[in-house]
Amino acid sequence: MIRFNKPYITGNEMKNIQSVLNKGRMAGNGEFTQKCQEWLECEIGCGKALLTTSCTAALEMAVILADIGYGDEVIMPSYTFVSTANAVVLRGGVPVFVDIREDTLNIDETKIEAAITPHTKAITVVHYAGVACEMDTIMAIAEKYRLLVIEDAAQGILSKYKGQPLGSIGHFAALSFHETKNLVSGEGGAVLINDTTFQDRAEIIWEKGTNRKAFHKGLVDKYSWVDIGSSYLPGELIAAFLYGQLISCAIIDKARMKVWNQYHESFAAAEKYNKFRRPIIPQEISHNGHIYYLLLPTASKRDQMLHRLQDKGIGAVFHYIPLHSSPAGIRYGRTCGEMDVTDSVASRLLRLPLWGEMKEEDVQTVIRIVQDEVNYIEENVLSE
Ligand SMILES: *Cc1c(COP(=O)(O)O)cnc(C)c1O
């Protein structure tokens, strides 16, 4: 079996964890948390980074900071993971789903304005597969209507839009270090606060709604409950592991890109014969090799391909079930316009195994079997 994903372990993780154990300080916001946050601020060029227990938690913090409350609307794609929408619904807000672009599978920026109402407070963009959304247009719309922009950059660490790292462009951003992402800590994430006016409140929400930070700095003489908040910060063991990953990011990124590029070159011919379409990376965008997908011509061909690859030991998978037609999406959300691209892509997309330490022979095996199977389905199909 060729696994769909396997985290890249650099060797620094255990050393860092041992150092935490030796010092005997394992709660959050310690030395490694600070190191990770400084690294993110420096590498991404974001205003302030706070580690969180997940990207889900980071999105929840961003939505609290954006002051989303009962009935407030947040525009977002439907083709995304549930956390993008859940964060809004937890505050009583309404996710408003719009369709995605055919090329990048990111939110279609030309459909955003039609979804704006007097209740709209924010736009959450998702950089699918680590490929940037059309941020210049989106930031201009946000400015025109005085909306806040949250980047769900769960998949986007180290990718760039016109030279700007993803996560540094919107008012807020959320990163994920879940096991399936490029840089990992098992579960983990970070909220990035680019608009400096929100930084003090962010630290309060992060520390369970207390002014602990100001207290430790000697700015107030009492440590008290001052706002809403929760326990959003991870323990030091997680931060220690993560720091080992962050400082090796160049090696991890390079290894993933190598596999991504091999797939991309090898599948060019099959794309010419319209057997499937490969990912499209617009100019002025550099990506991080997070996902390699194929878009099959029909849903039935995708399903057959998925089963045939899995039968042959290739850990291929698909996603997402669109949010706008999911039970909770129907209950809590609203859809603006047709969702044709979302529905079509969700039924035709197939993800191939992609991780840094994939053996060369395994990459070649995936390429060969994909080509064999796509030809088989072509010749034997098979009623639609
Ligand atoms: C993975 C992912 C999340 C959730 O990340 P967690 O760290 O598991 O909470 C949210 N949004 C997108 C687009 C993701 O890919």
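Mentor: Tyrosine 320 lies in the loop that runs between α11 (299-311) and α12 (327-332). The model is a predicted one, and in it the peptide bond leading from histidine 319 to tyrosine 320 is cis, with an omega near -20°.

Asparagine 29 is located in the loop between α1 and α2 (31-44). The phi angle of asparagine 29 is near 55°, which is a positive value in a residue other than glycine.

The crossing of the two helices is right-handed. On the side of α1, the contact is made by Asn12, Glu13, Asn16, Ile17, Val20 and Leu21. On the side of α8, the residues are Glu236, Leu237, Ala240, Phe241, Tyr243, Gly244 and Gln245. Sorted by class, the contact of α1 with α8 comprises seven nonpolar, four polar and two charged residues.

The ligand remains to be described. There are 14 residues around the ligand, and those that come nearest are Thr56, Asp152, Gln155, Ser176 and Lys181. For threonine 56, an N or O atom in the side chain is 2.5 Å from an oxygen atom of the ligand. For lysine 181, an N or O atom in the side chain is 3.3 Å from an oxygen atom of the ligand. Cysteine 55 takes part through its backbone, where a polar atom is 2.9 Å from an oxygen atom of the ligand. On its own, the ligand has 390 Å² of accessible area, and the protein covers 93% of that area.

Methods. Residues numbered from 1 in each chain as written. Predicted model: local features only at pLDDT ≥ 70, side-chain atom pairs only at ≥ 80, totals over all residues. Heavy atoms only, no water. Left-handed = near helix turned anticlockwise from the far one by under 90°. Helix = DSSP H or I, 4+ residues; strand = E, 2+ residues; numbered from the N terminus. Contact = heavy atoms within 4.5 Å. Nonpolar A, V, L, I, M, F, W, Y, C, P; charged D, E, K, R; others polar. Near = heavy atom within 4 Å. Polar contact = N/O pair within 3.5 Å; in protein donor to acceptor, adjacent residues only side chain to side chain. Areas by Shrake-Rupley, 256 points an atom, 1.4 Å probe, with all protein chains shown as cover.
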